[in-house]
Amino acid sequence: MLKSIQEWVFLFIICSFSVLAGNWIGYEVMPLDAIPGLLVLVGISLLGLIIHKAIPYKKVPSIAYIGILAFIITIPGMPFQEKIVEWTSQVNLLAIATPILAYAGISIGRSWADFAKLGWKTIIIGMCVILGTYLGSAFVSEIILRIQGII
Amino acid sequence: MSDNAKSLWKDWRLHLLVFAIVVVTELIGTHQIPVGAGVILLLPMLYAVIIGIAVYFTPLVTDKMSKNAENLVFISVTLLIAKFGVQAGPALPQLIEAGPALMLQELGNLGTILIALPLAVILGLKREAIGMTHSIGREPNLALITDKYGLSSPEGRGVMAIYIFGTVFGSIFLGLISGFLATATPLHPYSFAMATGVGSGSMAAAALGPLVAAYPEMADTITAFSGASNLLTTVTGLYASIFIGLPLTEKLYKVLTRMRNQKTVDSNSKGAK
């Protein structure tokens, strides 16, 4: 357990360098301004991973703990809520997404040989699968949001 | 996934490479290509995934590094999920108000069955079509189909093909079309935000990025809706597949193949669509 936590901490520190750099270059937030918010995000993630590891029931994925935890502590009225929201707003979402997709790209490379073997029919159907899933949800949301008069 | 992740941090070449990719892609910055009524947004993360794939084929990246990178995707996605969460908390009143839409958009994911399944049948696919089009085909769906039909069955081959397609091309494709659809169609950015929970962290990030970049004044609410949608899909997505998606695909497949067979008999093209 301790070994895992140590490993996670190191990995989060490494990821943080990339996030801070991207946040600085792409979104002009000085690293010093972004560090408190990033520390909060790392803390939440770490806690979620620890909870997942500590609880024997594994059907709930660790990202569910992380998402719910981050959600609860920022509900208006929670202690330090305003500070947490203010700090984390300095960490741009896109600055987090870029390193994720850089790592994803490097790991995707291994699947390329399999991908190249797919036929043109699979490529077309695959695009329709993604399009259908995405547009389908957007369409349902649109209808309901309009009925409710939210948009 | 993270359990066997021992000493990943020592792979300094991988981390240095990713750091370099981040610096280079953020320096290139965001660019827009106007296409008809909409725009395609080219974001640093899109270049990052493409450069990532490209460097895999250079001697810079070993197979081991590529495997380590997969675990790092998981670790870095947790930061994104935490960011989703802290954006969602303050928006609690809005989330409650938009609750019905957030719940029901999950059913919209079944849109793949209505669009992709008929196409697969027209293209002449047999039971592979069921595995291919019953869902977006990420890990939980791969497990579901393997469990029900076996991985070497036609359905299993189908879901595997879409899994591979989505792994390689999913985030690039969504990253390209998400901004375009939001700017070119009359649908509201909030609706697209709720649609980003497709069942994969990197695909969600790729779909959300252009929305945030195209509508910065709505970024907070868009991120909150996206976060809630992702969380709901994580929790309920598989069950929607088991109880609605897969049975519906089976039924529609039977109807469509009957139509196709009839069509070949009396060569009436009406039934195809």
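In which loop of chain A does Phe80(A) lie? Phe80(A) belongs to the loop between helix 3 (62-73) and helix 4 (81-88) of chain A.

The legends below describe a predicted model, in which local features need pLDDT of at least 70, side-chain atom pairs count only at pLDDT 80 or more, and totals for chains, interfaces and linings use all residues. Residues are numbered from 1 along each chain as its sequence is written, and chains are lettered from A and ligands numbered from 1 in the order in which they are written.

View 1. Phe80(A) has a phi near 60°, a positive value in a residue other than glycine. Phe80(A) has 11 C-beta neighbours inside 10 Å and therefore counts as exposed (exposed means 12 or fewer other C-beta atoms within 10 Å, buried 20 or more, and partly exposed in between, with C-beta atoms placed from the backbone). Glu28(A), likewise not a glycine, shows a positive phi of about 55°. Its loop connects helix 1 (2-27) and helix 2 (31-54) of chain A; helices are DSSP runs of H or I with at least four residues, numbered from the N terminus. Glu28(A) is exposed, with 8 other C-beta atoms within 10 Å.

**View 2. Helix 5 of chain A.** This helix (residues 93-108) contains 16 residues and reaches 22 Å from its first C-alpha to its last, close to the 22 Å expected at 1.5 Å a residue; the expected span is 1.5 Å times one less than the number of residues. Because 16 of the 16 residues are buried, helix 5 of chain A is largely enclosed by the rest of the structure.

**View 3. The largest nonpolar core.** This core holds 133 residues, and Ile100(A), Leu101(A) and Met45(B) have the most contacts inside it. A nonpolar core is a set of buried Ala, Val, Leu, Ile, Met, Phe, Trp, Tyr and Cys residues joined through C-beta atoms within 7 Å. Helix 9 (residues 154-184) of chain B gives the most to the core, with 14 residues. Domain 1 (2-111) and domain 2 (118-151) of chain A both contribute residues, so the core lies between them; the domain bounds come from an automatic or database domain assignment. Leaving aside neighbours within four places in sequence, Met45(B) is in contact with residues including Leu94(A), Leu101(A), Gly175(B) and Gly209(B) (contact requires C-beta atoms, placed from the backbone, within 7 Å).

**View 4. The contact between the chains.** Chain B brings 107 residues to the contact and chain A brings 84 residues. Helix 3 (residues 63-88) of chain B gives the most to the side of chain B that touches chain A, with 20 residues. That side has 72 nonpolar, 29 polar and six charged residues, where Ala, Val, Leu, Ile, Met, Phe, Trp, Tyr, Cys and Pro count as nonpolar, Asp, Glu, Lys and Arg as charged, and the others, Gly among them, as polar.

**View 5. Surroundings of Tyr190(B).** Tyr190(B) lies in helix 10 (residues 189-195) of chain B. With 25 C-beta neighbours inside 10 Å, Tyr190(B) counts as buried. Beyond neighbours within four places in sequence, its contacts are Leu145(A), Ile151(A), Thr221(B), Ile222(B) and Phe225(B). The C-alpha atoms of Tyr190(B) and Phe225(B) are separated by 7.2 Å, although the two residues are 35 residues apart along the chain.

Note on methods:
Helix = DSSP H or I, 4+ residues; strand = E, 2+ residues; numbered from the N terminus. Contact = placed C-beta atoms within 7 Å.
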